[in-house]
Amino acid sequence: MRWIAVMATAGVTFIFDPLCGWCYGAMPALEQLIESGREVELLPLAGEARLINDDFAGLIWETDRLVAQRTGQPFTPSYYKLLHSRTAQLNSWPASLGIAAVVRTRPQRRLDALNALHVARYVSGRDTGDSEVVETILREIGLRGAADLLASSHPALIEAGRVAVNRGRALLQEHGLDDAPALLMHEADAVRLLTAKELMHMAMAGRAAGIPQEVFAARAPA
């Protein structure tokens, strides 16, 4: 689990790993918190790339099943097949750069881009750990400028991506968080910390309010 959101009076800063199932599971709770129209800053995290072998795929899938049960977010058989393809890597850098490219070109679409990347991976089973896949997704949702910037590997984009990652890590360290999901809400001079458990409860409350039951089941294909 690798995410944290920081809410200020003027907006929300969401620090996340774009290939983290818990971060994807947190989206319904995040949307509840920002539906009043606050501005959102996205700070993706990216660690060392790792090949997803069968054992690792099994661990990821079991965790994602738990996320599905708690939050109602769908994890489909197509995603299961991606995990077990033996060619996919857990590499957050391409998606992190993709988000950085959107922030530099069409910042008002940054949440659209994040949602599109999530749906592409967890619903459609597309490998968002691959830069070309991320570029294609950005083009599909009308973010051609961001896609072109990502494809160019422009030094300014690479630096922006690194700055975002470092800022996210610094915020985690500043608040004494050791790679654990949490939410920091800044209201006036007070800071309130919400744990992952509390955020999962928020997502569960949304599920109970009427999300169709069929999206909850994350089962391995027969």
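Helix 4 (residues 93-105) and helix 6 (residues 131-140) have axes that come within 9 Å of each other and cross at roughly 35°. The crossing is right-handed. Helix 4 brings P94, A95, G98 and V102 to the contact. Helix 6 brings S131, V134 and L138. By class, five of the contact residues are nonpolar and two are polar. None is charged. The model is predicted.

**The chain as a whole**

The chain has 222 residues, and 48% of them are buried. Its secondary structure comprises nine helices and seven strands. Take the contacts with a separation of 6 or more: 71% of them join residues 24 or more positions apart. The accessible surface comes to about 10,700 Å². Carbon and sulfur atoms own 51% of that surface.

**Nonpolar cores**

The largest nonpolar core has 55 residues. Which residues have the most contacts inside it? They are F75, Y79 and L138. L138 also belongs to the contact between helix 4 and helix 6. Helix 1 (residues 21-34) gives the most to this core, with nine residues.

Helix 5 (residues 110-122) holds H118. R121 is in helix 5 too. Is H118 buried or exposed? H118 is buried, because its relative accessibility is 2%, and buried means under 20%. The same cut-off applies to R121: its relative accessible area is 1%, so R121 is buried.

What do these side chains meet? The table leaves out neighbours up to four places away in sequence.

| Residue | Relative accessible area | Residues in contact |
|---|---|---|
| H118 | 2% | P18, Y24, M27, V123 |
| R121 | 1% | L19, I52, Y79, L82, L90, R126, D127, T128, G129 |

Among the contacts of H118 are Y24 and M27. Helix 1 spans residues 21-34. P18 and V123 are also in contact with H118.

Note on methods. Residues numbered from 1 in each chain as written. Predicted model: local features only at pLDDT ≥ 70, side-chain atom pairs only at ≥ 80, totals over all residues. Heavy atoms only, no water. Axes fitted to C-alpha atoms, helices over the stretch in contact; angles between N-to-C directions. Helix = DSSP H or I, 4+ residues; strand = E, 2+ residues; numbered from the N terminus. Left-handed = near helix turned anticlockwise from the far one by under 90°. Contact = heavy atoms within 4.5 Å. Nonpolar A, V, L, I, M, F, W, Y, C, P; charged D, E, K, R; others polar. Core = buried A, V, L, I, M, F, W, Y, C linked by side-chain atoms within 4.5 Å. Buried < 20%, exposed > 50% of the residue type's maximum accessible area, 1.4 Å probe, protein only. Areas by Shrake-Rupley, 256 points an atom, 1.4 Å probe, with all protein chains shown as cover.
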